[in-house]
Amino acid sequence: MNIVIAGAGIAGLSAAEAARKANPNCEVVLFSRERQRPYFRPRLPEVVSGEVSADGIYVHPEEWYRQPGLEFRLGESLVEVNPESRQVRGSLGSRLLYDRLLIATGAVPFLPDAAKNFTLPGVYPLRTLLDASDLHYAAKGARTAVLLGSGLLGLEAGHALTRMGLTVHVLEMSNRILPFQTTPAGSRRLQRLLEAKSFVFHLEAEAERAEGAERIERVVLKSGAGINCDLMAVSAGIAPVTELAAALGLKTERGIVVDQYLATTAPGVYAAGDCAQTPDRRGGMWAIARAEGLIAGHNAVTEDPASRKPYVPVAPSAVLKVAGIDLTSVGNIDPEGKLPSAEYDGDDLYRKVVTSPAGQLAGFTVLGGRAGVAELTRAVGKKTLPPDVMEDLKGPGFDFRRLDALPS
Ligand SMILES: Cc1cc2nc3c(=O)[nH]c(=O)nc-3n(C[C@H](O)[C@H](O)[C@H](O)COP(=O)(O)OP(=O)(O)OC[C@H]3O[C@@H](n4cnc5c(N)ncnc54)[C@H](O)[C@@H]3O)c2cc1C
């Protein structure tokens with residue numbers, strides 16, 4: 001049996017590993033549009049700031065890709081697929097037949113109109129190693145950047161730029177930063193901490209257009225205000241890459257629709273990672289793409305249907321990796337304040353722990369430290385917090401070993 005995998009991000013790579021493990025006789029052909037071997041995408045902000053070079057973030061050494069049963073087509077996109085003849089064609093001319101096809105083509109940055117419509121130099125989306133290196137060189141000698149999008153990835157990219165000495169103006173459409181990852185109190189505190197690190201926030205602000213004679217010089221907001229800048233970084237969400245799915249006539253909504261086995265609507269075709277839409281509709285995260293890739297790769301080459309594995313959703317978690325500012329949010333943090341919660345808002349630490357009406361731990365957010373993060377993460381969805389624990393969580397100095405001691 002052979003399996004052709006389109007895309008060598010973490011989903012495709014994990015699928016290749018799982019396929020070889022589940023069926024050591026299967027041949028895996030891995031197509032990679034990028035010319036660099038797979039790397040840890042979440043570490044790109046470190047490449048932007050110049051803290052690490054590309055060599056420091058590869059997932060496996062070069063020799064790994066020379067193992068028997070694996071054919072790695074680096075720098076070759078899978079451009080055509082014929083479901084009747086089960087044949088694929090690569091951009092460098094290779095043609096092969098497949099028994100199973102796995103689509104792990106990931107996503108590309110979503111570009112708001114202000115970025116898309118400006119065709120001169122100075123606009124930098126961040127998705128690939130090449131993007132990171134372009135942004136790094138553009139930031140050398142620059143003084144001011146405008147950042148479209150203030151999600152976690154955007155703030156990390158912005159932080160990389162501040163480390164290079166730039167002032168970063170962040171445009172946020174909401175009236176607070178990270179509205180989905182933290183609560184209003186957490187947002188206010190985080191904003192203060194970031195302002196002390198050369199960030200300037202423009203809330204309820206949206207870019208109308210970029211202007212400049214030969215390259216970007218200014219971003220004009222919908223309010224009419226203008227911000228002079230040397231570059232514009234864009235981290236405003238992602239769009240799944242679904243061209244192959246269209247050619248195969250697969251069902252797509254917010255991504256390629258897959259069932260709990262990561263199977264698409266066509267027989268023998270699987271999808272995983274940022275390009276896929278699982279029944280729980282979560283994605284855009286490294287751990288999720290890896291977990292999906294492992295399941296999809298296993299199921300694709302497993303001959304016995306009884307040995308297929310279902311995908312168990314990974315609890316969404318958000319961690320802001322900015323030195324000196326620890327923000328972790330896991331599960332449902334209930335920003336609207338509708339569920340029972342225990343909130344602590346101290347000088348150096350902010351914490352909110354949320355439960356279901358029945359008392360089961362639903363999620364939490366902690367800003368300003370890592371204390372209790374591991375214990376809380378282990379308990380999310382598994383433990384019921386009694387009233388005395390909830391009461392004590394409203395104060396400092398909670399002994400988190402108490403959570404481990406609670407029954408699951
Ligand atoms: C700057 C940045 C920081 C991030 N930080 C975090 C973080 O802290 N925590 C977290 O959980 N997540 C983070 N993420 C998100 C995480 O990296 C992604 O969710 C994850 O990498 C998705 O993996 P994937 O394999 O599905 O897709 P991708 O990594 O996008 O890989 C898909 C690959 O397929 C290739 N491809 C596309 N079409 C074809 C084709 N036709 N033929 C061959 N190849 C093709 C693409 O070029 C790409 O190389 C971050 C992302 C970015 C960009």
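Author: Strand S1 (residues 2-6) and strand S7 (residues 100-103) pair in the parallel sense over four bridges. Strands are DSSP runs of E with at least two residues, helices are runs of H or I with at least four, and both are numbered from the N terminus; two strands pair if DSSP finds at least two bridges between them. This is a predicted model, in which local features need pLDDT of at least 70, side-chain atom pairs count only at pLDDT 80 or more, and totals for chains, interfaces and linings use all residues. Residues are numbered from 1 along each chain as its sequence is written, and side-chain values use heavy atoms, with hydrogens and water left out.

Reader: Which residue in S7 stands opposite Ile5?

Author: S1 and S7 pair in the parallel sense. The residue in S7 that stands opposite Ile5 is Leu102.

Reader: Which strands are the edge strands of the open sheet with parallel pairing?

Author: This open sheet of five strands has the order S3-S2-S1-S7-S19. Each edge strand pairs on one side only, and the two are strand S3 (70-74) and strand S19 (269-271).

Reader: What is the order of the open sheet of five strands with antiparallel pairing?

Author: S21 and strand S22 (residues 325-331) pair in the antiparallel sense over six bridges, and Val319 stands opposite Thr328 in S22. The edge strands are strand S21 (317-322) and strand S23 (341-345). The order is S21-S22-S25-S24-S23.

Reader: Which residues come nearest to the ligand?

Author: A residue is near a molecule if one of its heavy atoms lies within 4 Å of it. There are 28 residues around the ligand, and those that come nearest are Glu34, Arg41, Arg127, Asp274 and Lys321.

Reader: How much of the area that the ligand exposes when taken alone does the protein bury?

Author: Polar contacts are pairs of N or O atoms within 3.5 Å. An oxygen atom of the ligand is 2.7 Å from an N or O atom in the side chain of Arg127, and an oxygen atom of the ligand is 2.8 Å from a polar backbone atom of Asp274. Taken alone, the ligand exposes 1,000 Å² (Shrake-Rupley method, 1.4 Å probe). The protein buries 92% of that.

Technical notes. A polar contact is a pair of N or O atoms within 3.5 Å; within protein, one must be able to donate a hydrogen and the other to accept it, and residues adjacent in sequence count only if both atoms are side-chain atoms.
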